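Dear colleague,

Please find the structure below.

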Protein chains: 2
Amino acid sequence: MARITAADRRQQLIDAAFRVMTRDGVAAASTRAIAAEASAPLASFHYVFSSKEELLREVTESLVEKMLGAAMDGLELTGDVSSSLRHGLHNLWEVTEGTAAEQQMLFELAQHSLRTPGLEDLARWQYERYFGATAQYLEAIADAAGVQWAPSVKVARRVLMSFLDGLLFGWLVDRNSKEAREAIDAFVESFATLAVPRTIVAPGSASADQARRAA
Amino acid sequence: MARITAADRRQQLIDAAFRVMTRDGVAAASTRAIAAEASAPLASFHYVFSSKEELLREVTESLVEKMLGAAMDGLELTGDVSSSLRHGLHNLWEVTEGTAAEQQMLFELAQHSLRTPGLEDLARWQYERYFGATAQYLEAIADAAGVQWAPSVKVARRVLMSFLDGLLFGWLVDRNSKEAREAIDAFVESFATLAVPRTIVAPGSASADQARRAA
DNA sequence: GTCTATAAGGAGATAGAC
DNA sequence: GTCTATCTCCTTATAGAC
């Protein structure tokens, strides 16, 4: 009889968990439901995972990295801040609407992590990855256009990330795609005013320190 | 023996549900946990509520209205769009950080409603209330300053609501209050550029229609 | 009219048969 | 090395004793 290896079983269960969570939600993804989805006996779950928490960590980490990869893909740069942002965010929004189930799952995973003792760091890691990727994107735009972000990249990325995350959550509720797209255009127009000409600062000065911290 | 009336029992259970959900999360608020918190026998739950869904609707509706009332309270208007927004949003943020548990509970309620068959309309109602209140606020600012929102109040309120909702979710994860406040300042500065001079339009013209729709 | 006791089923985790 | 069968505890809901 062709037995399955532990590594293969592990991957089967991760894939099954992913399907159950996108289809029925994170709360519905019991070890039983996951094992059934994978056509695996229930005991095989605890044979390859020490606990459900271990599976949640793997699923979260791989989905976050996958979505960040997909999101960063369509972000082309032109010399102009406004048009870079506009094209980049509309591209991102296409990906987002096309992966609605995964997006909802990511929200649920973050919320679940926040409430589960021992899992709080996972939600924090997830959002640090988001914030890091957003900062990277804004830096790239600023470099291409020869500008800098006011008052700092740190603050600008929080403004952008907050808008996008909130836009997504609101859209998951009301699915108003038209208004979401119009909101992106209006946001880009106003947000671009935070891109200001680069100031040349003397090394070691207070504003040089500030510029370094901001980067 | 002084027996309790059904109406009193109902209110006791609602209050208890509120305490359990703010303390332990919506997912932890089982009928047992709620009844225990209210020091009531478990069966009294289904004596006054036909189902758990009925309780969730009551809890959600009363909390949304309560938070909207608290949020709208500190929103003073000056003649200037930027300073009105800045003071208003910082005031709102004070309330928000001071009611973190309730805010997290509202996210959880919305997410739970979205995933629960028969409860989807509750999440939609919740966000319609948010969007309605935000539009009202933006209208009041525009009236006080004698300006209008571009491209429309509908779109501007979605930009503002998205930013605030996303800022809140991000803060619930990383609790970075300093960055959140700085993000509000940066956002206000850029968002205020969507307030433009009012155009006087001939009644019945295409742009008059547009202005009416926008209102 | 109120609540004890129980039904009916789902959860995570594991002992021990094979 | 794999999985059947079970343990313990949890859930919503209700029958029926008082």
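A residue is called buried if its relative accessible area is under 20%, exposed if it is over 50%, and partly exposed in between, with a 1.4 Å probe and the protein chains only. The model is a predicted one, in which local features need pLDDT of at least 70 and side-chain atom pairs count only at pLDDT 80 or more, while totals for chains, interfaces and linings use all residues. Residues are numbered from 1 along each chain as its sequence is written, chains are lettered from A and ligands numbered from 1 in the order in which they are written, and side-chain values use heavy atoms, with hydrogens and water left out.

Salt bridges

A salt bridge is a side-chain nitrogen of Lys or Arg within 4 Å of a carboxyl oxygen of Asp or Glu. Over all chains, the structure holds 32 of them.

Which residue of chain A pairs with B:R157? The partner is A:E179, and the closest N and O atoms are 3.6 Å apart. The pair joins two chains, because B:R157 lies in helix α8 (residues 153-174) of chain B and A:E179 in helix α9 (residues 177-191) of chain A. Helices here are DSSP runs of H or I with at least four residues, numbered from the N terminus. B:R157 counts as buried because its relative accessibility is 15%; A:E179 is also buried, with a relative accessible area of 5%.

Within chain B, B:E97 forms a salt bridge with B:R181, with 3.2 Å between the closest N and O atoms. This pair links distant parts of the chain, 84 residues apart: B:E97 is in helix α5 and B:R181 in helix α9. B:E97 is buried at 19%, whereas B:R181 is partly exposed at 26%.

In chain A, A:E54 and A:R10 form a salt bridge whose closest N and O atoms are 3.1 Å apart. A:E54 belongs to helix α4 and A:R10 to helix α1, 44 residues apart. Both are partly exposed, A:E54 at 25% and A:R10 at 22%.

B:E102 lies in helix α6 of chain B. Neighbours within four places in sequence aside, the contacts of B:E102 (heavy atoms within 4.5 Å) include B:F18, B:T22 and B:L63.

A buried valine

B:V81 lies in helix α5 (residues 81-98) of chain B and is buried, with a relative accessible area of 9%. Where does the chain come back towards B:V81? The C-alpha atom of B:F191, 110 residues apart along the chain, is separated from that of B:V81 by 9.8 Å. Beyond neighbours within four places in sequence, B:V81 is in contact with residues including B:I141, B:W149 and B:A195.

Yours sincerely
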